[in-house]
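The following exercises concern a single protein chain. Please work through each task with the structure open before reading its solution.

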Amino acid sequence: VFVKFGQYISGRTDMVPPEWAASLALLQDDLPPSPAGHLRDTARSELGFDASEIFESLDAMPVASASIGQVHIGRLAASGGPPETCSWVARQTATSEARAGGQGVGGDAGEDRAVLKLQHRGVDSLMRRDMVSALRIARLMQWLDPRYSAFHTVLAAWEGEMFAELDFRTEARNLRQVQLNLRAAGGSGAIPTPLLASRRCPILA
């Protein structure tokens, strides 16, 4: 939570000095990745099949790692998707209609690149415990000095937003909604398309 809140504060130059914001911005995507075994185990437990069943190739080293998760780049298998018997939570095929309003991860519509987003091991329970501690600290600061009341207000308001981010299905729904809004407005943009979405391991193309 403290790292995640630091990321949030880094964009609030109205609350912290510019030099603080610049230092906190390093928390955006410069954190240690989870071990390779976590990628394999989480993909199977969340999606119901091995990542190799949908990816022809998948980089074990993430291209970015932040407070909640990390992102791996891969190339989709020629079969075009996971086995029909898998126990995924949600599926959206990357048809031309699904891609309307955006080019997706691969850039050109025909490209077969995709990304797998992986939540760090144990981050959900850790962040929930940290939030309890952070709110206690904020209440104490507010009691000691009323000038810190704004800090407690911002933290309390951010709590719900942070918990929503722990469920990657929320991000998948938001991406799909942005695509629909762009299509309705006649606009275009590079918007990733959710192929598979689970709480901790979505696949985007």
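**Exercise 1.** Determine which side chain forms a polar contact with that of Thr193, and state whether Thr193 is buried or exposed.

*Solution.* Step 1: the side chains of Thr193 and Gln179 are joined by a polar contact of 2.8 Å. A polar contact is a pair of N or O atoms within 3.5 Å; within protein, one must be able to donate a hydrogen and the other to accept it, and residues adjacent in sequence count only if both atoms are side-chain atoms. Step 2: Thr193 lies in the loop between α6 (168–185) and β5. Helices (H or I, at least four residues) and strands (E, at least two) are DSSP runs, numbered from the N terminus. Step 3: Thr193 counts as buried because its relative accessibility is 1%; buried means under 20% relative accessible area, exposed over 50%, partly exposed in between (1.4 Å probe, protein chains only).

The model is predicted: local features need pLDDT of at least 70, side-chain atom pairs count only at pLDDT 80 or more, and totals for chains, interfaces and linings use all residues. Residues are numbered from 1 along each chain as its sequence is written, and side-chain values use heavy atoms, with hydrogens and water left out.

**Exercise 2.** Identify the residues that touch the most other members of the largest nonpolar core, and the elements that each supply at least two of its residues.

*Solution.* Step 1: this core has 16 residues, and Ile54, Phe55, Leu116 and Ile203 touch the most other members. A nonpolar core is a set of buried Ala, Val, Leu, Ile, Met, Phe, Trp, Tyr and Cys residues joined through side-chain atoms within 4.5 Å. Step 2: at least two residues of the core come from each of α3 (36–47), β4 (113–119) and β5 (194–196). Step 3: beyond its neighbours within four places in sequence, Ile203 has contacts (heavy atoms within 4.5 Å) that include Leu47, Ile54, Phe55, Leu116 and Thr193.

**Exercise 3.** Describe helix α5: where is its kink centred, and which of its residues are buried?

*Solution.* Step 1: α5 comprises residues 149–165. Step 2: a kink of about 35 degrees is centred on Glu159, the bend at a residue being the angle between axes fitted to the seven residues ending there and the seven starting there. Step 3: the buried residues of α5 are His152, Val154, Leu155, Trp158, Met162 and Phe163.

**Exercise 4.** Locate Ala197 and state whether it is buried or exposed.

*Solution.* Step 1: Ala197 sits in the loop between β5 and β6 (203–204). Step 2: Ala197 is buried, at 8% relative accessible area.

Conventions:
Expected span 1.5 Å × (residues − 1).
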